[in-house]
Amino acid sequence: MSQEQPQRPEREQQEAIKYGDVFNVRGELAKQPIAPQDAAMMQSAETMVFGQTQKGGPAAVMQSAATKNERSGLISHDATTPVAGDEGVTVTETTVSGRRMITESVAGQVLGQYVEPVPVTAAAEGAPITIGEAEEAPITIGEALAATALTAGDKPVEQSDAAAIQAAEVRATGSSIVSPGGLAATAQSAASVNEGLTQDVDKIKLNDVLTGATAKLPADKAATRQDAEGVMEAELRNNPDLTTYPGGVAASVAAAARLNERIS
């Protein structure tokens, strides 16, 4: 007499795709399923800034995940992730040294970041226009650090940030000597102070250290892929989770290096 074998549950195949599965995010957001209305909000925000959604960008990734979640019957078409609904979906545009830095976030966590030159659409009234003569200047390490003050400025300074800033300063200046009162020394001091504090509101933030970074460096240079790799290695090595912070020091230097490769 044959005995029917019990069916194995297919829960693993029925799990909703979460933010943490496709983006480098943490905390409560990482555990949340990507909902159709989250994707719709990001598509709308991208369209307002870019004029259209970006191929392979956060909105496209979110739409793909949300569609799969909806087709699997795991989430309804009208659903919005609570953390996204409460804290918002944003695409912000910041101009730094003649370049646009566009940051896409959900609930304050960066999903994607782009750096591109500001298009010259019109000259100032009465100003001469020169065509074919100007070359776009590469982004320096100092400019990338200054951009971090805008993209991750509210982040409390940790040892991983301090290590990344020191690696960036060494590469920008060509000197391994940490100057008293310089960016690296200030970041290390901030990280040490923060370790003794429990409330984030009391901690020293990245914007306290990196605002005006270009003026605080005794020397500077264009960011290269080698610089980005060195800064990323320093940040990873000093983070217990072995991750870099989205929109943080390593991410900004890497974005600058990528743009420099495009324009070289």
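**Exercise 1.** Find which residues of H12 are buried in this predicted model, and check the helix length.

*Solution.* Start with the cut-off: buried means under 20% relative accessible area with a 1.4 Å probe, protein chains only. That picks out Asp227, Ala228, Gly230, Val231, Ala234 and Glu235. Now look down the axis of H12: these buried residues fall within an arc of 165 degrees, so they line one face of the helix. The arc uses directions from the helix axis to the C-beta atoms.

Next, the length. Helices are DSSP runs of H or I with at least four residues, numbered from the N terminus. The expected span is 1.5 Å times one less than the number of residues. For the 13 residues of H12 (residues 225-237) that gives 18 Å, and the end C-alpha atoms are 18 Å apart, which agrees.

**Exercise 2.** Work out where the charged end of Lys155 sits.

*Solution.* The test asks for NZ of Lys or CZ of Arg within 6 Å of the ring centre and within 35 degrees of the ring normal. The charged end of Lys155 sits over the ring of Tyr245, 5.2 Å from its centre.

**Ground rules.** Residues are numbered from 1 along each chain as its sequence is written, and side-chain values use heavy atoms, leaving out hydrogens and water. Since the model is predicted, local features need pLDDT of at least 70 and side-chain atom pairs 80 or more, while totals for chains, interfaces and linings use all residues.

How values were computed
Helices (H or I, at least four residues) and strands (E, at least two) are DSSP runs, numbered from the N terminus. Buried means under 20% relative accessible area, exposed over 50%, partly exposed in between (1.4 Å probe, protein chains only).
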